[in-house]
Amino acid sequence: WHQVRRHLNGLSHPILGDTTHGSSKTNREWRERYGMPFERTFLHLARLDLPSTAFTPEGIDVACPLPVDMVKLMTENLPGMLEEARPILEEEGVL
């Protein structure tokens, strides 16, 4: 995950809560203003879909619903973003 975090930060899209590659100012604001837990990094692999191989003839398709605290944070503070993403998240089986 280090590379994902580092590359997103390099593209000026740091991950919320990332204390190594994130934005200290933004993280501090979200902790103080919105109650984001200090130890929480808001990076989540919601779905992994790998094609079939000789070892996995049916492929691998795993979905992991968004954590409750992540959904709560978005519902309370970013409702427009959550509603915009809802159709895709539901289609992927993670919301």
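## Pocket lining and selected residues in a predicted model

Asp 49 is part of strand β1. Helices (H or I, at least four residues) and strands (E, at least two) are DSSP runs, numbered from the N terminus. Asp 49 is exposed, at 54% relative accessible area. Here exposed means over 50% relative accessible area, buried under 20%, and partly exposed in between (1.4 Å probe, protein chains only). Beyond its neighbours within four places in sequence, Asp 49 is in contact with Ile 60 and Asp 61. Contact means heavy atoms within 4.5 Å. Asp 49 and Ile 60 are 11 residues apart along the chain, and their C-alpha atoms are separated by 5.7 Å.

**Model and confidence**

This is a predicted model, in which local features need pLDDT of at least 70 and side-chain atom pairs count only at pLDDT 80 or more, while totals for chains, interfaces and linings use all residues. Residues are numbered from 1 along each chain as its sequence is written, and side-chain values use heavy atoms, with hydrogens and water left out.

pLDDT is the predictor's confidence in each residue, from 0 to 100. The protein chain has a mean pLDDT of 92, and 99% of its residues reach 70 or more. Among the elements, helix α1 (residues 2-10) has the lowest mean, 89. Strand β2 (residues 60-63) has the highest, 96.

**The largest pocket**

The largest pocket has a volume of about 330 Å³. The search runs on a 1 Å grid over the protein atoms alone: a pocket is an open set of points where a 1.4 Å probe fits, with protein on both sides within 12 Å along at least five of seven lines, and lining residues have an atom within 4 Å of a point. Grid points are joined across faces, edges and corners, and a volume is the space filled by probe spheres set on the points.

The lining of the largest pocket holds 14 residues. Phe 42, Met 70, Met 74, Leu 78 and Met 81 lie nearest the centre. Helices α3 (68-77) and α4 (79-91) are the elements that give two or more residues to this lining. By class, the lining has 12 nonpolar residues, one polar and one charged. Ala, Val, Leu, Ile, Met, Phe, Trp, Tyr, Cys and Pro count as nonpolar, Asp, Glu, Lys and Arg as charged, and the others, Gly among them, as polar.

Leu 78 is found in the loop between α3 and α4. Ala 63 is 15 residues from Leu 78 in sequence and 23 Å away in space, C-alpha to C-alpha.

**Loop residues**

| Residue | Relative accessible area | State |
|---|---|---|
| Ser 12 | 60% | exposed |
| Asp 18 | 2% | buried |
| Leu 78 | 30% | partly exposed |
| Arg 40 | 16% | buried |

Ser 12 lies in the loop between α1 and α2 (24-34). Its phi is near 65 degrees, a positive value in a residue other than glycine. Ser 12 and Ser 23 are 9.5 Å apart, C-alpha to C-alpha, and 11 residues apart in sequence.

Asp 18 also lies in the loop between α1 and α2. A polar atom of the Asp 18 side chain lies 3.0 Å from the backbone nitrogen of Thr 20. Leaving aside neighbours within four places in sequence, Asp 18 is in contact with Arg 5, Ser 23, Asn 27 and Thr 41.

Arg 40 is found in the loop between α2 and β1 (47-50). The side chains of Arg 40 and Asp 69 are joined by a polar contact of 2.7 Å. A polar contact is a pair of N or O atoms within 3.5 Å; within protein, one must be able to donate a hydrogen and the other to accept it, and residues adjacent in sequence count only if both atoms are side-chain atoms. Not counting residues up to four places away in sequence, Arg 40 touches Leu 16, Gly 17, Pro 67, Asp 69 and Met 70.
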